[in-house]
Amino acid sequence: MSFNPIEQKILKLDRQVPRYTSYPTAPHFHDGVKEKNFSQGLSSLTNNKPVSLYLHIPFCHEMCFYCGCNTKITKKYAPVEKYTDILLREIRTVSDTIGKKLDVSHIHFGGGSPNSLYANDFTRIMDMLRERFNVLPTAEIAIELDPRVLTHDKAEAYGKNGINRGSLGVQDFNAKVQKTINRIQPYEQVKESIDLLRGFDVQKLNIDLIYGLPYQTVEGILDNIDKTLTLKPDRISLFGYAHVPWMKKHMRLIPEEALPQADMRLEMFHKAKDKLVKEGFISIGLDHFVLPDDPMAIALKEGTLNRNFQGYTTDNADTLIGMGCSAISYLPTGYYQNNSKVHLYEKEVMEWGLATERGIEFSGDDVLRKTIIEDIMCNLKAETATILESFKKSNDFFDVELAQMQGLVDDGIIEIDTKKTITVTPEAAAAVRVVASYFDEYFNPQTNTKHSRAI
Ligand SMILES: C[S@@+](CC[C@H](N)C(=O)[O-])C[C@H]1O[C@@H](n2cnc3c(N)ncnc32)[C@H](O)[C@@H]1O
Ligand code: SF4
């Protein structure tokens, strides 16, 4: 493939930058933030705006070699049942600490594979949430699902408990790729899962695909898109494979020589994107594609799209309470993360009721920079002058950053207008994380090597 001049410049930008699902980013969380801080943050939730809940279920039956999620492999059910009991205890402590029954507009079950929970344990969790929170009738209740372990009774429980959005992990349909990543999952299995969910009224469905996996080809990616379209999902996520074997040891089982290089990854992404856009999907931020009547497409148009730990979201609650091991809460005071090891999380909840291990409380310009980074990541645009005014800062506050970004302007990656509004050019959308990194006060491009590639 021949790249246009802007794409060639983007390829040169192939440096390691954060994914910006939070700001400050997770590597800057520290262990000076504990249960006591989280507890104070929860009890000072004063306004009555609806909040969001995230529940982490860290279990899978087998390890996918590319997996970057926080999960634990178990073939037995007893650990999952024990975890459920402890999670219920954490939910009770959180609600007791808040001291009132808050409205909830979004619930997200993430993992691992939340459908590793048996139907009755899933229902126990939903019952507890409804007892302790006021789950609004309009609430979006979403769950991440592994089609290989979805059963009739689990899908039935999702329908009965009001789940209205499901996200299915697919990644790739090609047999050789599936074998190499240790995830055998034929097309028919995915189709059966989708029919099952829709049969129980879980209507809104997302499919996760990944590009950049070993032995993938551009043709293979386009074939994945074709097959995915036959399943008629409302949303498609197309993630770039983040290869971080220094953090996730099982990724060493991925043959590195079979990984597509940066130029091929870019070609895969662009061709897949072109195809999806031609098929009527709207491209959202980095890696989401949605139908035009989807709430995400509407949020993009209205400038209300947000980004959280699950990626892009229509959720605009300013409080997200994360429960379960490794879960991150976002409160007006900062970020609070639970212990990431299942056994330590369980021990702490048994002892204290909560399991906060690390986090960061906002200081200095954190919230201002976070607002700009979120705007760049979500809308490919940030009106810095307007944002500075709303934070009561002088108009020249970011002049150093804007001067540093002149190289990106010269390369056609961004435009900066007279009102100091930064716009990422449509051809350069793949470079959005690099653009955002200029506002990251904690990020040092010279010393940073711990993130996955930008493209
Ligand atoms: C928690 S999983 C989804 C539910 C379920 N566990 C499954 O895999 O079917 C979240 C998604 O993250 C994506 N993912 C996992 N590891 C990744 C990596 N290293 N790079 C990019 N995407 C990744 C996959 O697309 C996966 O479907
Ligand atoms: S099923 Fe999902 S969470 Fe589990 S190992 Fe595979 S990608 Fe990771």
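How many residues of domain 1 are in contact with how many residues of domain 2? In this predicted model, 34 residues of domain 1 are in contact with 33 of domain 2, where contact means heavy atoms within 4.5 Å. Local features need pLDDT of at least 70 and side-chain atom pairs count only at pLDDT 80 or more, while totals for chains, interfaces and linings use all residues, and side-chain values use heavy atoms, with hydrogens and water left out. Residues are numbered from 1 along each chain as its sequence is written, with chains lettered from A and ligands numbered from 1 in the order in which they are written.

The division itself places residues 1-21 together with 365-455 in domain 1, and residues 22-361 in domain 2, these bounds coming from an automatic or database domain assignment. The C-alpha centres of the two domains lie 26 Å apart. Between them about 2900 Å² is buried, with carbon and sulfur atoms giving 62% of that area; buried area here is the accessible area (1.4 Å probe) that two parts lose on being put together, summed over both. On the side of domain 1, the residues that lose the most area to domain 2 are T21, C378 and Y442, which together account for 22% of what that side buries.

The elements that give two or more residues to the domain 1 side are α1 (5-12), α12 (366-379) and α16 (432-437), helices being DSSP runs of H or I with at least four residues, numbered from the N terminus. Of these, α12 gives the most, with eight residues.

The ligands remain. Ligand 1 is surrounded by 20 residues, the closest being Y66, G68, Q171, R183 and D208, where a surrounding residue has a heavy atom within 4 Å of the molecule. A backbone N or O atom of Y66 lies 2.8 Å from a nitrogen atom of ligand 1, and a polar backbone atom of G112 is 3.0 Å from a nitrogen atom of this ligand. A polar side-chain atom of D208 lies 2.7 Å from an oxygen atom of ligand 1. Around ligand 2 the residues include C60, C64, C67, Y66, G112 and R183.

Technical notes
A polar contact is a pair of N or O atoms within 3.5 Å; within protein, one must be able to donate a hydrogen and the other to accept it, and residues adjacent in sequence count only if both atoms are side-chain atoms.
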